[in-house]
Amino acid sequence: MSYPTRSLSTHMRGPSASASTASQSPALVARIEEKRAELEHLKELRDLSAAVATQMEALERKVSTLSNGTEAIATVMGNWHNVLRAINMASSKLAKPSSDAEREPTDDLPQTLVRIPTEHAPTLQAQAEAAEAAATEEESAPGT
């Protein structure tokens, strides 16, 4: 059993209607093809825009990380003035060397200037490792 290939709407029309459609058909076909091409370009533009948006979000995360790191470096650099001042104060308080030649040179060195508490070291180390793992995971994420 074979089915007709033409649609029912063309069967229902009269011969005059099909003649006018035939004359408009090339213009309509060209317009439809033009719109299809435009649709494809718009879909491509949408996909590219989504890719750019994803890259911008990744860039924002990286810039945020850099900003946080910069703030930490600024804090450390700001503290150096205090460290150097403490060293200078400790150095100026040293006893003046006596005339005894038998005195050992290690006696002239200042006492330990900074004592770093280590009770929080394991917690800080775990936090640093977790942050490093998160950064590594973020870098290896697809689309970046």
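Trainee: What pattern does the protein follow, read along the sequence?
Mentor: The protein reads α-α-α along the sequence. Its secondary structure comes to 3 helices and 0 strands; helices (H or I, at least four residues) and strands (E, at least two) are DSSP runs, numbered from the N terminus. This is a predicted model, in which local features need pLDDT of at least 70 and side-chain atom pairs count only at pLDDT 80 or more, while totals for chains, interfaces and linings use all residues. Residues are numbered from 1 along each chain as its sequence is written, and side-chain values use heavy atoms, with hydrogens and water left out.

Trainee: What is the mean pLDDT of the protein?
Mentor: The mean is 76, and 63% of the residues reach 70 or more; pLDDT is the predictor's confidence in each residue, from 0 to 100.

Trainee: What percentage of the residues is buried?
Mentor: Buried residues make up 1% of the 144 residues. Buried means under 20% relative accessible area, exposed over 50%, and partly exposed in between (1.4 Å probe, protein chains only). The protein exposes about 13,000 Å², of which carbon and sulfur atoms supply 61%; these areas come from the Shrake-Rupley method with a 1.4 Å probe, and for residues only the protein chains shown count as cover.

Trainee: Now the charges. How many salt bridges are found in the whole structure?
Mentor: The search finds 4. A salt bridge is a side-chain nitrogen of Lys or Arg within 4 Å of a carboxyl oxygen of Asp or Glu. Side chains of opposite charge can pair when their charged atoms come close.

Trainee: Which residue does Arg36 pair with?
Mentor: Arg36 forms a salt bridge with Glu33, with the closest N and O atoms 3.1 Å apart. Both residues lie in helix 2 (residues 15-92), 3 residues apart, about one turn of the helix. Glu33 is partly exposed, at 44% relative accessible area.

Trainee: What about Lys35 and Glu38, how are they placed in helix 2?
Mentor: Lys35 and Glu38 are also 3 residues apart in helix 2, so about one helical turn separates them. Their side chains meet in a salt bridge at 3.6 Å, N to O. Lys35 is partly exposed at 39%, and Glu38 is partly exposed at 38%.

Trainee: And where does Asp47 find its partner?
Mentor: Asp47 forms a salt bridge with Arg46, the closest N and O atoms being 3.5 Å apart. Asp47 is partly exposed, at 45%, whereas Arg46 is exposed, at 52%.

Trainee: Changing topic, which residues make the nonpolar surface patch of about 670 Å²?
Mentor: The patch is made by Ile73, Val76, Met77, Trp80, Val83, Leu84 and Ile87. Patches are made of residues with over 30% relative accessible area and no salt bridge; like charges are joined within 9 Å, and nonpolar side chains (Val, Leu, Ile, Met, Phe, Trp, Tyr) within 5 Å. Leu84 is found in helix 2 and is exposed, at 51%.
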